[in-house]
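Subject: Handover of a structure

Dear colleague,

I am passing this structure on to you, together with an account of what was found in it. Please have it open while you read the notes that follow.

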There are 2 protein chains.
Amino acid sequence: MYRTHTCGELTINNVNQSVTLSGWLQRSRDLGGLTFIDLRDRYGITQIVFNMETNALLCNEARKLGREFVISISGIVAERSSKNLKIPTGEIEIIAQKLTVLNQSVIPPFTIEDQSDGGDELRMKYRYLDLRRNPLKNNLQLRHNLSIFTRNYLNDLGFMEIETPYLIKSTPEGARDFVVPSRMNPNQFYALPQSPQTFKQILMVAGYDRYFQIVRCFRDEDLRADRQPEFTQIDCEMSFVEQEDILNIFEGLTRHLFVKVKDTDPGIFPRMTFADAMKYYGCDKPDIRFDMRIADLNELTQNSGFTVFDNAELVAGIAVPGCSEYTRKELDALTEWVKRPQIGATGLVYIKYNADQTLKSSVDKFFDPVSLKQIAEACGGQPGDLVLIMAGKENRTRKAIGELRLEMGNKLGLRNPDVFAPLWVVDFPLLEWDEETNRFYAMHHPFTSPKPEDETLLATDPGKVRANAYDLVINGVEVGGGSIRIHNKQLQREMFSVLGFTDEEAQHQFGFLLNAFEYGAPPHGGIAFGFDRLCSLFGGSESIRDFIAFPKNNSGRDMMIDSPSTINAMQLDELYLELKTPKSN
Amino acid sequence: MYRTHTCGELTINNVNQSVTLSGWLQRSRDLGGLTFIDLRDRYGITQIVFNMETNALLCNEARKLGREFVISISGIVAERSSKNLKIPTGEIEIIAQKLTVLNQSVIPPFTIEDQSDGGDELRMKYRYLDLRRNPLKNNLQLRHNLSIFTRNYLNDLGFMEIETPYLIKSTPEGARDFVVPSRMNPNQFYALPQSPQTFKQILMVAGYDRYFQIVRCFRDEDLRADRQPEFTQIDCEMSFVEQEDILNIFEGLTRHLFVKVKDTDPGIFPRMTFADAMKYYGCDKPDIRFDMRIADLNELTQNSGFTVFDNAELVAGIAVPGCSEYTRKELDALTEWVKRPQIGATGLVYIKYNADQTLKSSVDKFFDPVSLKQIAEACGGQPGDLVLIMAGKENRTRKAIGELRLEMGNKLGLRNPDVFAPLWVVDFPLLEWDEETNRFYAMHHPFTSPKPEDETLLATDPGKVRANAYDLVINGVEVGGGSIRIHNKQLQREMFSVLGFTDEEAQHQFGFLLNAFEYGAPPHGGIAFGFDRLCSLFGGSESIRDFIAFPKNNSGRDMMIDSPSTINAMQLDELYLELKTPKSN
C-alpha cells in the first residue's frame, strides 16, 4: 500500500492517526535537530518532520533526499506548533516513522514552483516537469471540469455525443489539410478533419437531431502565436430549429459553465449585428466590458480646411474617459503606437475636453472650440475626457481605431479578466470578396444559409446577402460560431456556384453531402466552440498553450517527444512515397 | 416553430391538445376516406390521420407524399379507435390540420426498417439512411450512454480526462503507424497514435495520478473482419497503485456499466491465471458462461497401441453435456469442422458415455470400457455426455480443442448474449518468442513490468518471466487489458535490451520517456478498454461496425465519402512528396 491518504486531505481532525503518504519532495529544510520535508502530490502539500533526537537513522536518510525524489512516508499526524493557515493541511505535520524511496530524481532544469524560472523552450521540452506546477495543474483541472459540465449539460438536454471519423477526405476549400497516405489504397490519401462539419450535417440527415462532440480538429496553417495544428472543439448541431433555438440552448450552456466554474451568472447575453459591431467597435468581436464606442465624425469634420479629414473616406473618434490631462509625451507615444505596422495608421488627432470645459486639440487651427465640443460630444465625451480621432480609408480606419480602443481599455484597466461580458454577434455577411483571387469566399463556410429575405440577392448582389450566422464573443474573444445551414440541394448548388465551384468540383468534394440532401434533409443548424480558447478565457489567460497538456511550438514541433521526425525507408516504400529535397532558402 | 413535441412523447394524456410535429414519413396508407401517415423522428413514431371528408385539400396533399419526405404537421391529438399498445404513442393519433413539406426525398435504395433489405455495401454507402434505422440508432444511443456513465463514474473517483496529442512520433515497434507528412518540417512525419501509452505514462511522471481519456487510436494493419483502422479506447492510468488497486477500480467501473445499462449486477469477477486459461480453455480469453473445461488425457491414453495418442505431445478432451446420442452424421460433421484450415486438426476422437452407462467410441479397438469410462470421467463426463478428444502438438491442440469447445457451446445455446460472465485473466507472460524473427516480443508492450519475484529470470530465462499484466474478458471477448508499468529507468533499459533494441534505438524512439524516468517517476499502472467492442458486447452483437457511426470497410475505405482519394499536385509539392507507382500484382 503506497498511501492511506493524499497530501491534500489531512487536517487537525486526523491528529494521532497513523498514515502513509506518497509523493514528490517539494523542498526540505535541515534545521539540525529537525528536518522538514514538504511532500507534494496532485492534491496538495503535507509537511513531514524527522527528528534527529528520537530517530537519527531516519533523519539522516531524509537529509540525503533531493528535490523531486518520489518517496513514501509512514508516520503519525501531529498538530503543528507553527501553523500555515494558507493551505488546508497547514495545521498538521506527519512525524515520520518510516521512509521509502520509490524513485530518485536528478536535479530538475527549472524550479517546480508557481513562478518557475524556466524559459518557454525548456518548459516545453520538459513538459512533464512543467505540468507538475500548480498553474498548469489548475488549468488542466479546469479543462476537465469544463468538459464534464458541458457533456452532462448537453446530455441532460437529449444531445448525443457521436464520434465522427478522423480519417476523412481532403477538400482544398478553406485552410490546408493534414493528409495521411493510405498503404492499402496506393497513391491515395485520407485527410484529418478541420472540423466534423459535413459529418454533423450528415448526422442531421440521419435523424440525430441533437448531436455534440468534444473533438480534435486539425489545420496545417502557418502557426501564429497561440495557434495549434491540432485543437479541440465543442461541436454541436440540431435539427428542426431556427437561429433563436440555437442561441438559446448554447447561451444556456455557456451560462451554466459560468455558474458552475466561475460561480457567476452573466445574465442574458446582449446581441449585436455584425454591421453594428464593425461600426461601433471596428471589429466583429467587440470587447463590451467597456463602452468607448466609435463615433462617425464625417459630417462634423468636413470643409474645415484640414485636408486629412476632408479627403478621408472615414473620420472616426472615441472618447477616452478621464484622460484629458494626458501629457505631450503620452500623446506622442499613442501616435507612435498607431503608426506601428500592426495598426498602420498615418497619424492621430486628439481633443482634450478639459474638466473646466475648455478644449485643446492638435487641430485647433482648423476647428473652433464650439466645433471641437460638438465633435467631442458626438463621441460621447464629457469634461475630463480625451477624444482620439483617426481618418482614412473606411475599413482600415475602423479597424485601427477599434485596436486603439482596446489599447486604451487596457491602459485604463477596463479589461479585467475576472469580469465576463458575453455577446452574440449576428447577421454576418454570407460572403466576402477577395481582391487577390477575384472571387467570393464563404465568410463562415459554404454550408451557411442566407437569410430567407436576402436569398434573391444571391443571384444579383451576392456581397449584400446576410447569413443566418452568429458568433459568441466573450471579452473580445471569439469563443464560438455557427449558422443555420442550407438543407436544400438546389440552394447548396447555387452557393457552390457563387463560390466558383464547377458542378464537377462540388460533386467531387462534397458529393456525399449533396447526395444526402436528396434523401430528406431536415432544416438544421449548429455551432462550434473553440474549447482551448474557452478554457483559457475561463482561466483568465491569453495563452491557450497553457491549457493544453502537450502543445506544439510555433514550428508545429512537439519539443518533448521531438516530433515530427524522419521515418524509415521501408515505411516510405510501403506507402509508395518518395521524398523530394526542399529548395534551400 | 418546427415542433412542439417529438414523435415519441404524445400519449392519451395529451388528447385534445394542439401540437406540431416534424419528422420523416415512415409509411402511409391510403384507405380512401382516410389517409394515415406514420411520422418518425429520433424519439419514435406518431400516427397522423388525414380525413377526405372534412379536409379534402389537405388529404390530397398528404397522398402525394413519398417515403422519407421531411414534413411538419399541426393538428389535434385524438384517441385512436384501434390502438397499438406496442409503442408508447400507440393510443393516440394526430388529426392533421396543417401540413408543410420541409424537404422531399427520392426513393431510398433500401427500406428504413428494423430488418432492412439493403446489403452491407449499399448500407455503408448510404450510411445516413442506414443510421435512420432503429437498430443503429439504439446502438449509437447505447454508445453515448456508456461514454457518459464511464466519464461520470471516473470523474467521481477523481480521475481527470486529459487530452493527449494525435500528431505524435512514429515508433516502428509494434503495429504499423499511420503517418502524416509535415509541411513546416520538410521530409519529416508525425504519426497517429496507436494508443496514448507513452503520454499517459508521462502524465503519471507529471503527477496526474488518476488519468483517463476516451480517445481515438489508429493502426495501419491489414483489416480483418471487424477491425477498424481507427478505433476508440477508454484509456486509464493510475499512480501509487498495485495491480489489486487497478483491478478493483475497473471492476467497479465495469460493474457500474452493467448496472446502469443492462440493469444487472454480475457480482465479483472471478480471476484466472493465463496458465490456467490456456490449460483449461485453450485460449487467453475464456468464455466462462459455460464450463466444459479441457482435460489433459496424456496419462490415461498412453500405450494403448493407438499411435495417434501415443505419439502426441498432448491428448486433451472435453465432455459435451447431453450429446451422447449424436448421430454418425453429426459426428462426421464435427470432424469436418475441426479439419477446416481455420482449426487445422487432423481428426477427432469421440466417446459416447451413454445414459445407460454403456460406452461407445471411435477408438473402441484400443480402449476397453473401463478405460473409456476413466477418460470420460477425467473430462468431467457423466452418463448422457459426448466426450470429444483431440491430439497432437501441444499448443495447436489446445487451441483447436478450445475452438471446438466454443463451437459446442454455440450448438448447445450456452453462449446467450444476454448472459454476461466477466473474468480477469492475470499473470500473463512478459514476453513471447517469435520463431520467425528469432527474438522476444513484449506480450503486452515494452513498458509492462515483470512480477518482482520473476525479475531475476529476465537475465537468465526471459521466456519464464511473468508480468503484472491482466486482461478483462467478458463472454470470451477481450474487452480490456493493462499492466503495472516499469517506472525504473534501469529496468526499462534492460527490457529494451531483452527486446533487441540497441541503446541508441531505445533512446531514439522512447528517449523522452527514459528521460522523464530520470526525474522522479512514481510507481504506476493502467488499463485500456476497447470501447467499440465494449459497446458491441453490451449491445449483444458481434459486429463492432454497427456501433460506429461512420465505419470503414475491409479495405479501409469510407464508402460514403469515397475516401481515401487522390490529392492534387500542389498539395504533394508543398509536402515535398512524390508518388511512386505501385507494382501491379
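I begin with R27(B), which at 33% relative accessibility counts as partly exposed (buried is under 20% relative accessible area, exposed over 50%, and partly exposed in between, with a 1.4 Å probe and protein chains only). This is a predicted model, in which local features need pLDDT of at least 70 and side-chain atom pairs count only at pLDDT 80 or more, whereas totals for chains, interfaces and linings use all residues. Residues are numbered from 1 along each chain as its sequence is written, chains are lettered from A and ligands numbered from 1 in the order in which they are written, and side-chain values use heavy atoms, without hydrogens or water.

The partner of R27(B) is E113(B), with which R27(B) forms a salt bridge whose closest N and O atoms are 3.3 Å apart (a side-chain nitrogen of Lys or Arg within 4 Å of a carboxyl oxygen of Asp or Glu). Because E113(B) lies in the loop between β5 (92–103) and α2 (120–125) of chain B, and R27(B) in strand β1 (residues 18–30) of that chain, the pair ties together parts that are 86 residues apart in sequence (helices, H or I with at least four residues, and strands, E with at least two, are DSSP runs numbered from the N terminus). E113(B) is also partly exposed, with a relative accessible area of 30%.

A salt bridge between R143(B) and D532(B), at 2.8 Å from N to O, joins helix α4 (residues 134–156) of chain B to helix α16 (residues 531–538) of chain B, so this pair ties together parts that are 389 residues apart in sequence. Both ends are buried, R143(B) at 7% relative accessibility and D532(B) at 5%. In another salt bridge, R289(B) meets D287(B) with the closest N and O atoms 2.8 Å apart, and D287(B) is buried at 1% relative accessibility. Over all chains, the search of the whole structure finds 95 salt bridges, and one network of them links R143(A), R216(A), E230(A), D532(A) and K552(A) with E163(B).

Turning to the rings, the count comes to 51 aromatic pairs over all chains (rings of Phe, Tyr and Trp, the last by its six-membered ring, with centres within 6.5 Å; planes under 30 degrees apart count as stacked, over 60 as edge-to-face and the rest as tilted). The rings of F159(A) and F250(A) have their centres 5.9 Å apart and their planes at 70 degrees, so they are an edge-to-face pair. F159(A) sits in the loop between α4 (134–156) and β6 (160–161) of chain A, and F250(A) in helix α6 (residues 243–262) of chain A, 91 residues apart; both F159(A) and F250(A) are buried. F496(B) and F510(B), by contrast, are stacked, at 5.2 Å centre to centre and 10 degrees between the planes, and since F496(B) belongs to helix α14 (residues 489–498) and F510(B) to helix α15 (residues 503–516) of chain B, the pair ties together parts that are 14 residues apart in sequence. F496(B) is buried at a relative accessible area of 1%, and F510(B) is buried at 5%. Residues of chains A and B also come together in one aromatic cluster, formed by Y166(A), F218(A), Y166(B) and F218(B).

With kind regards
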